[in-house]
Amino acid sequence: METISKQAPEAQTYDGGVTPEQVEAWKQQHRKAFRIDIKDGDDVHIGYFKRPDFATIKAVTKLSKTDEVEAGRVMFMNCWLGGSEDLKTDAVLFMAVQIQLGKVLNGCVGSLKNL
């Protein structure tokens, strides 16, 4: 009797071929750039995003009252710099990115002092 061994496929990282030089250029151009890593099983999909501008925030705020998924799509597409194209087309990966993009909007901390 022959024994057949199955090897688990190697984990892959999908980043759209983005180079460290490209990341530095984005940081210079947009002041802040973010890398979002989404783990899907053993694979990792990486996306790069910039901070949203006022027009994007306005559109997202307006759309979120009637269609949160579409609001998330607007945020994604207007902040997207590059990375794994699967993040755009796979609904589960896309929604995982949305959670992280929400942290970008709420990532600054302010304080108030009574003078």
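1. A residue counts as buried when its relative accessible area is under 20%. In this predicted model, His45 has a relative accessible area of 3%, so His45 is buried.

2. His45 sits in strand S3, residues 43–50. Its side chain makes a polar contact with the side chain of Ser84, at 2.8 Å. Setting aside residues up to four places away in sequence, His45 touches Tyr14, Ile36, Asp37, Ile38, Asp40, Ser84, Asp86, Leu87 and Leu93.

3. Now the helix pairs. Helix H2 spans residues 54–64 and helix H3 spans residues 68–79. They pack at an angle of about 165°, with their axes 7 Å apart. Angles over 145 degrees count as roughly antiparallel, and H2 and H3 are therefore roughly antiparallel to each other. The crossing of H2 past H3 is right-handed.

4. Which residues meet between H2 and H3? H2 supplies Thr56, Ala59, Val60, Leu63 and Ser64. H3 supplies Glu68, Glu70, Ala71, Val74, Met75 and Asn78. By class, this contact of H2 with H3 holds 6 nonpolar, 3 polar and 2 charged residues.

5. H3 also packs against helix H5, residues 91–105. Their axes come within 10 Å and cross at roughly 70°. That angle makes H3 roughly perpendicular to H5. On the H3 side the contact uses Val69, Gly72, Arg73, Met75 and Phe76. On the H5 side it uses Phe94, Val97, Gln98, Leu101 and Leu105. The contact of H3 with H5 has 7 nonpolar, 2 polar and 1 charged residues.

6. Met75 is listed in the contact with H2 and in the contact with H5.

Conventions
Residues numbered from 1 in each chain as written. Predicted model: local features only at pLDDT ≥ 70, side-chain atom pairs only at ≥ 80, totals over all residues. Heavy atoms only, no water. Axes fitted to C-alpha atoms, helices over the stretch in contact; angles between N-to-C directions. Helix = DSSP H or I, 4+ residues; strand = E, 2+ residues; numbered from the N terminus. Parallel < 35°, antiparallel > 145°, perpendicular 65-115°, else oblique. Left-handed = near helix turned anticlockwise from the far one by under 90°. Contact = heavy atoms within 4.5 Å. Nonpolar A, V, L, I, M, F, W, Y, C, P; charged D, E, K, R; others polar. Buried < 20%, exposed > 50% of the residue type's maximum accessible area, 1.4 Å probe, protein only. Polar contact = N/O pair within 3.5 Å; in protein donor to acceptor, adjacent residues only side chain to side chain.
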